Every structure is written in structure tokens, then in C-alpha cells.
Amino acid sequence: MRLSTRIGLAVGLTVPLLVLASGWLLLQLVKHDLHSAEDRHLRARATVVAPDARALLRASAGGRPKAADNKERLLYSAALDVGVRVIGPDATFSGGPQPDPSVPLPKAIRGPVTVRDGGTSWRALSRPITTARGTGTLWVFSPNAADQAQLRLVRRRVLVATLLAAPLSGLLAWGIATGATGPLRRLGRRTAGLDPRTSAARLPDEPTGVTEVDELAATLRTVLARYDEQAARTAEALDTARSFSAAASHELRTPLMSMGTNLDILAGHPDLPEPDRTEVLADLRSEHARLLNLLVMLRELGRGDLVEAEAFRTVDVTETADAAVAEARRRAPDARITLEAAPGPTVHGWEPGIRLLLDNLLANALAHGRDAAGQATVAVGVRQADGQVVITVDDRGPGVPEATRTRIFERFARGPGSSGSGLGLTLVAQQTALHRGSVTVTDGPHGVGARFEVRLPSTGAAPPARRDWLIGTAGANRSQSFPKEPS
């Protein structure tokens, strides 16, 4: 059922009920006003005829029939248009319009009452009359015929108004509702042809002047925008999965082939000399470790590409750096790793990502920052400057040539003789970009080694809308370009 029809039916049923209720209230008010007017008239007549009624009772009690007749005539003349009944100790006198004497009258009343005689009703008022020879009661009556006629007229008019109000109010409400819901119908026609699966067309922002319709249109635009966003994220996730598969198969091919060759050697030469056998097993362990590391790094890249802004929290960078340094010391007990951190620097970010950034900077320094004697000396610093949290990692190694300081952040970029996955510094750049920061590579302190410096905004920011560190191609990835500032 259409909304306009529902409104028309609702109004068509409600208005007659309101008319009936209002009519009943009007009827009660008219009845009260008519009774009030009658009661004032009865009181006035009772005041006028009371002396004549008292004189009539005195004459009747004194045994003066002729005087009593005169007083009775005077009484009826003074009563005018009301009926009078005087009830004395010995006799009752009545005249004018009034109920039949057989109709019982109420006792001990103080105000006007309604007395019914068959189908006729009367308004009655009593007054006590006291004389030297006894007491009596004066009753005055006024017929209710005119009042009842007026009440019937009001009742008929209320019923007629109710019968007319039902269809008229329903039709009027239906017409108004049809006009009022016009913008809603137009909105329905515009949205009926929208299919977000096959078309990029969306609702235009055209205010109708009807607040509810404009709010509904805004809600629909929001829903469609969220659908587009989720569809894009889903497509991005599928691209990530496909790229993960392609990248993993490409990078795993070489170590797997090497492992296969070594296994063939072991299987084909069971009497292989012990030194050669030990060397083959060492190669197998090395390739196995490289495979595990590569898979872990690819997984972390995928996590960074898909992390949502809801995962961001306030992160104590000093505390995270302390945990990362402690883990690095455990893994490389021969290295000298120091931490100089000011208490309190925090960022609004993804805590696993900040930890991943620090772990990979330390792993890179331990792998490539050893001096000529093979000793690893790494200094980690955390401080706050100009509204940013600055993380520095210094080593005493050969440093990074200026020509390669940008390329080292690309996927699978490995230095000469490196046995790593080529993704460690890519993860550093990814997490820096995810937190809207920047990473630079310069010469180390006093021109020795290398310094990696990461700057993250303290207040935090929403992560980039598009993140393609895992699915982008090296050298052409847009997301990988903005967080790195070559020295």
C-alpha cells in the first residue's frame, strides 16, 4: 500500500473520531449551559413565589377556604411559565406544567434536579417553607422539551459532521500526502536504476527542500560510497593475494631449485665425503631459513597493505624501541646495541607496524653494519622534535652509497652477497608511509657507517587510501615514492 494511501486512510479514520469526541464534549457543554440557564430561571421564580406559597399555607392552616383560594390564584399568577407545587402538612396545591403527582420527587435536595415522567423530563427545584403553624415544601418545575430539542439538534449536526469528515478528510489527506511524497517517489525512481555492480553512476546531490528526503538521499549516497570503498578494498585484497602468489612463486623458485639440487646430490651420492656432505647440509639450512624469512616478510607486507584505521592506537615509541632492542640483543649476543630514548614520545599508529619498523632497521644494521673486524655496533635513538617522533639507527659498517639510497627500499632489492629476502627495508618504508612519516638514509655520525632516520607525526594521521607495497612493481610503485627522502 502506498504511503499516501496509508496517510489518507489514517486521517480518514482519525478525524471522525476526533469530531465525535469534540461533538460529545460540545454536547456536554451545551447541556450544561442549558441547565444553567433553566436553573437560574427556576431560582428566580422560586424567590418570587415563595411569599405567596407561605401565605397560602397560612391561610390553609387557619381554616379560611376563601382566603386560601385567593392566595392560590396569586401564587399561580406569580409563577408565570413554571409549574408550582406546594406541599403542606395538611394539603397539596399544584398548578402549571409539572410531572404527574404519582411521580416520586427526591428528598433533601439543595439544588436543581432532573425529574422524568415517562418520556418527558422536567427541571425541578425545591425550597422549604416555614410558617407559624408548620412547615412545607415549595417545588417549581420547568419542562425540558426545548432543551432536549436543542440537544437533539446538536447531536444530529455532530453526526452529520462526522459522516462528512470521514471521506473529505481522507481525500484531502491523500492529496496532500501525494504531493508531499513526490520528492520521495522521484528519489525512488532515480535509485531504481542504480546498480553499483555494473555502473559507476551515483545519486546527484540535488536538495529537494524536504529535510527527510534529503537526509535519505544523503544516507543512500553514504551507503553507495561505502559499497564502492569496500568493493575497492576487496579488489585490492584480491590483487594482494594474486601478487603474493606471483611474488612468492618468483622469489621461491631460486632457493627451491637450489634445495632440489642439493637434495639430488645427497640422494645420488650416499657415499659423499663428510666435508662435502656438511657443506651441502649447510646450504640446505641456509636456503630453508631464507625461504622462511621470505614468507614471513611477504606476510607482513600483506598485513601492512590491508590494515585499517580502526587498528590505530596511541603507541609509546620508547617502550616499543626498548622491546625491539632487547630482542635484537638476544638474537645477536655478540653485537653492541645501545638505546638512547627520551621518555614519553608517542604516536597515533599501529603498534605491530612500529615494532616491525624497528625490528627491520635493527636487523638491517646487524646484517650490513658490521665493521671491518666483523663487530656490530648499533646505536638506536628516540626523541621528539617539531611535533614529530624521530627514530634513528646508526651503525659502523661500510654505509650506503648515495646512488642506491632510494633503491634499497624497493622490493627484493638485495646488496652484494646478501642472503636476506630483500624485503626488510621495504617493510620499513611501508610502515613509515602507513603512518604518514618519512625515512632517510645518510652517512653515520662522523662520516662512519650509515644512519637511518624515520620521522613520524606525533598527532597521527589516517593511513593512505591506496597501499600497494606488495602488489606494486619495483621502481613503478606510487605508494613507495612519497615516504623516502634521499639525502
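A salt bridge is a side-chain nitrogen of Lys or Arg within 4 Å of a carboxyl oxygen of Asp or Glu. The legends below use this term. This is a predicted model, in which local features need pLDDT of at least 70, side-chain atom pairs count only at pLDDT 80 or more, and totals for chains, interfaces and linings use all residues. Residues are numbered from 1 along each chain as its sequence is written, and side-chain values use heavy atoms, with hydrogens and water left out.

View 1. Arg330 forms a salt bridge with Glu327. Their closest N and O atoms are 2.6 Å apart. Both residues lie in helix α7 (residues 317-331), three residues apart, or about one turn of the helix. Helices (H or I, at least four residues) and strands (E, at least two) are DSSP runs, numbered from the N terminus. Arg330 is exposed, with a relative accessible area of 57%. Glu327 is partly exposed at 22%. Here buried means under 20% relative accessible area, exposed over 50%, and partly exposed in between (1.4 Å probe, protein chains only). A network of salt bridges links Glu327, Arg330 and Arg331.

View 2. Arg123 forms a salt bridge with Asp39, and the closest N and O atoms are 2.8 Å apart. Arg123 lies in strand β4 (residues 120-131) and Asp39 in helix α1 (residues 3-61), so the pair ties together parts that are 84 residues apart in sequence. Arg123 is buried, with a relative accessible area of 10%. Asp39 is buried too, at 9%. The structure holds eight salt bridges.

**View 3. The salt bridge of Arg455 and Glu453.** The closest N and O atoms of this salt bridge are 3.1 Å apart. Arg455 is partly exposed at 22% relative accessibility. Glu453 is buried, with a relative accessible area of 17%.

**View 4. Strand β1 and its two partners.** Strand β1 covers residues 83-87, and four of its five residues are buried. Two strands pair if DSSP finds at least two bridges between them. β1 pairs with strand β5 (residues 134-143) in the antiparallel sense, over five bridges. It also pairs with strand β2 (residues 92-95), again antiparallel, over four bridges. A hairpin of four residues joins β1 to β2.

**View 5. A stacked aromatic pair.** Rings of Phe, Tyr and Trp (its six-membered ring) pair if their centres lie within 6.5 Å; planes under 30 degrees apart count as stacked, over 60 as edge-to-face and the rest as tilted. The count by this rule is one aromatic pair. The rings of Trp139 and Phe141 have centres 6.0 Å apart and planes at 10°, so the pair is stacked. Trp139 is buried, with a relative accessible area of 4%. Phe141 is buried at 0%.

**View 6. Two spans annotated in UniProt.** The unreviewed UniProt entry lists residues 6-27 and 158-177 under "transmembrane region". UniProt positions are given in the numbering used here, feature names are shortened, and annotations may be inferred rather than shown by experiment. Residues 6-27 are 100% helix, and their end C-alpha atoms lie 32 Å apart. Residues 158-177 are 100% helix as well, with end C-alpha atoms 27 Å apart.
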